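Please work through the following exercises with the sequence and the coordinates open beside you, and try each task before reading its solution.

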Amino acid sequence: MPDQNYAPSPEFAAQAVGTADLFDQAEKDFEGFWAEQARTHVTWRTDFDTTLDWSDAPFAKWFVGGQLNVAENCVDRHVEAGNGDRVAIHFEGAEGDTQTITYADLQKRVCQAANAFTELGVRTGDRVAIYLPMIPEAIVAMLACARLGAPHSVIFGGFSADAIRSRVADAEARVVVTADGQHRKGKVAPLKTAVDEAVRGEDSPVEHVVVVRRTDADVEWTDKDVWWDELVDRQSTEHEAQAMDAEHPLFILYTSGTTGKPKGILHTSGGYLAQAAYTNRIVHDLHPETDVYWCTADIGWVTGHSYLVYGPLANGATQVVYEGTPDHPHQGRWWEIVEKYKVSILYTAPTAIRACMKWGADIPAKYDLSSIRVLGSVGEPINPEAWRWYREHIGGGSAPIVDTWWQTETGAIMISPLPGVTTLEPGSAQRPIPGISAEILDDMGEPFTEPEKVGYLVLTKPWPSMLRGIWGDDARYKETYWSRFGSEYYFAGDGAKYDADGNIWLLGRVDDVMNVSGHRLSTAEIESALVSHPTVAEAAVVGAADDMTGQAVWAFVILRGDAANDDEEKTVADLKAHVAGEISPIAKPKSIMVVSELPKTRSGKIMRRLLKDVAEGREIGDSTTLTDASVMDFIKKGMSKG
């Protein structure tokens, strides 16, 4: 298909929240621009006196002197403004159960949960871990923590006991909130059992485990455990929220690093909330009075934090929260929900879009999707073919698509088209949004603008929702994000290029972190899991391009002694299951190849780029630095047999 750009219609542009003059305003007065956004999108108990303090770079302080309560901004102020009857959440359970929760309802639930956590001894500054499915209690728990000034650490519901243990220990969480189980495609999957294993032992910091009844699954009970309903439902529906400093920690969210140990990304209150709300408004063109918004992300990831909880609720939006999967009980489930609630803004991942493409356009065609007016994409670059399919078959051939680039570390959207302003280029995130500054650097660290040249994406100015560090490890923060090109540039870890029109095209990770279905996974973490299996002597893992998931996990393993003579098919199956159990099913390799040697340089470094060449079916690159170049011939032959 020939390249085609998509200009906004005059009708859409006339009502759009984001306008072209925002770029000029931000360019002329950077700090003044962000001060205005903070005062527009956040209600401050005490106004700030300094917009940005960058004197201790790369540690930023935004809206210094300001005080606020994040939960109050997301709930109470809407009730006080007379919008208590507005629906905050249309909840669709995986098994067809539903709830309609107004802002007044949500306020009562959050107050009860805050009182319950206080009864358990949670105080300002204490950490609370949340390991829940996509149910209303997850959002209530997050907001209750925010109300108390107790930083939460949400852990994706698919992670193993070991992953929970490491995160709980690093954050020194006193309380864990979980459920008896979760519904997944018609079956009940355990949740509490993983928490039980994770908090077992005298060295665990966890004092209480609060358990939501979700599936009525049988669970073991310990003296740490208390049922959510027995604790929370008897609490008062009133709670006085205290003001927190703008820089008070709001949450820690763990993300994979290039070493095996996950990084606790720290976000604070004022700057994070201001940018999450601002970007939700201008990028998604959110009109809270009339739109029904749906972000399909899980709250275990940053997209769920920023664009399912804090951004939309700060804006007073009505949104859909869905517990299930796109294909259960049938492949039209999402479109059934869009039709039921008249969803007008849909924000999802390219992986899901490609899955829907695979299932066929005849499925969404059965449903009335005419309510949709804005589509969004998040998690990884979207290929142009999927972009066009999304617009044509979900967006009625007219809905603008905002292809957004950002990270756990950035906290909020950084590069994206603005619907109503930007002429859209399928497959490109296009330009930094107003208030954000980004460049592409060459290998020497010099900015360039020539089209099609591949370089490194960097951010050149601080931004309100930026991470304030890695929890408990300031040196790692500096080393990870501010050392590659000197302390003046935040290096995002992604490769990028410009096209002839000056649009930015993201090209994926340049380090050893993979992006699988929008989830960041560390090659080192997966290699560690493989090597922990008694049959594996050595492992190398790469992320290879995949039509469905963006990248897929490919592993190459050397087996120990007699294990090399075992049934290889069974060994591979066991190893895949082992990785799923150690980390998460998301991390399970698509392919595991048993090899006798790995390609290594004379200094012992594994040449993963050569393995990636094999996995992606390319001609093998330069192998002259290998100790034994014939290793690659063996691996190639093995791949062709497979």
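The exercises below concern a predicted model, and each task is followed by a solution in steps.

**Exercise 1. The surroundings of Glu92**

Determine where Glu92 is placed, whether Glu92 is buried or exposed, and which side chains make polar contacts with the side chain of Glu92.

Solution. Begin with the secondary structure, where Glu92 is found in strand 4, a strand that covers residues 87-92. Next take the accessibility: the relative value for Glu92 is 2%, and because buried means under 20%, Glu92 counts as buried. Then examine the polar partners of the side chain, one of which is the side chain of Arg333 at 2.7 Å, while a polar contact of 2.5 Å links the side chain of Glu92 with that of Lys340. Finally, set aside the neighbours within four places in sequence and list the residues in contact with Glu92, which are Asp97, Thr98, Val321, Tyr322, Glu323, Arg333, Ile337, Lys340 and Tyr341.

**Exercise 2. Two helix pairs**

Describe how helix 6 and helix 11 cross, and then do so for helix 7 and helix 8.

Solution. For the pair formed by helix 6 (residues 136-148) and helix 11 (residues 302-314), the axes come within 12 Å and cross at roughly 60°. An angle of this kind makes helix 6 oblique to helix 11, and the crossing of helix 6 and helix 11 is right-handed. The contact involves Ile139, Met142, Leu143 and Ala146 on the side of helix 6, and His305, Leu308, Val309, Tyr310 and Leu313 on the side of helix 11.

For helix 7 (residues 161-171) and helix 8 (residues 192-199), the axes come within 8 Å and cross at roughly 50°. Helix 7 is therefore oblique to helix 8, and the crossing of helix 7 and helix 8 is right-handed. Here Ala161, Ile164 and Arg165 of helix 7 meet Ala194, Val195, Glu197 and Ala198 of helix 8.

**Exercise 3. Backbone geometry in loops**

Find where the cis peptide bond between Ala57 and Pro58 and the cis peptide bond between His328 and Pro329 are placed, and then inspect the phi values of Asp216 and Asp285.

Solution. As background to this exercise, most residues other than glycine have a negative phi, and most peptide bonds are trans. Taking the peptide bonds to begin with, the bond that joins Ala57 to Pro58 is cis, with omega about 10°, and Pro58 belongs to the loop between strand 1 (50-56) and strand 2 (59-64). The bond that joins His328 to Pro329 is cis, with omega about 5°, and Pro329 belongs to the loop between strand 17 (318-322) and helix 12 (333-341).

Turning to phi, Asp216 has a positive value near 60° although the residue is not glycine, and its place is the loop between strand 11 (208-212) and strand 12 (225-227). With a relative accessibility of 66%, Asp216 counts as exposed. Asp285, which is likewise not glycine, has a positive phi near 50°, and Asp285 is in the loop between helix 10 (270-283) and strand 16 (292-295). The relative accessibility of Asp285 is 0%, so Asp285 counts as buried.

**Exercise 4. An annotated span**

State which residues the UniProt annotation "domain: Acetyl-coenzyme A synthetase N-terminal" covers, and describe that span.

Solution. According to the unreviewed UniProt entry, this annotation covers residues 21-74. The end C-alpha atoms of residues 21-74 lie 28 Å apart, and the span is 46% helix and 28% strand.

Terms used:
Residues numbered from 1 in each chain as written. Predicted model: local features only at pLDDT ≥ 70, side-chain atom pairs only at ≥ 80, totals over all residues. Heavy atoms only, no water. UniProt positions renumbered as here; feature names shortened; annotations may be inferred. Helix = DSSP H or I, 4+ residues; strand = E, 2+ residues; numbered from the N terminus. Buried < 20%, exposed > 50% of the residue type's maximum accessible area, 1.4 Å probe, protein only. Polar contact = N/O pair within 3.5 Å; in protein donor to acceptor, adjacent residues only side chain to side chain. Contact = heavy atoms within 4.5 Å. Axes fitted to C-alpha atoms, helices over the stretch in contact; angles between N-to-C directions. Parallel < 35°, antiparallel > 145°, perpendicular 65-115°, else oblique. Left-handed = near helix turned anticlockwise from the far one by under 90°.
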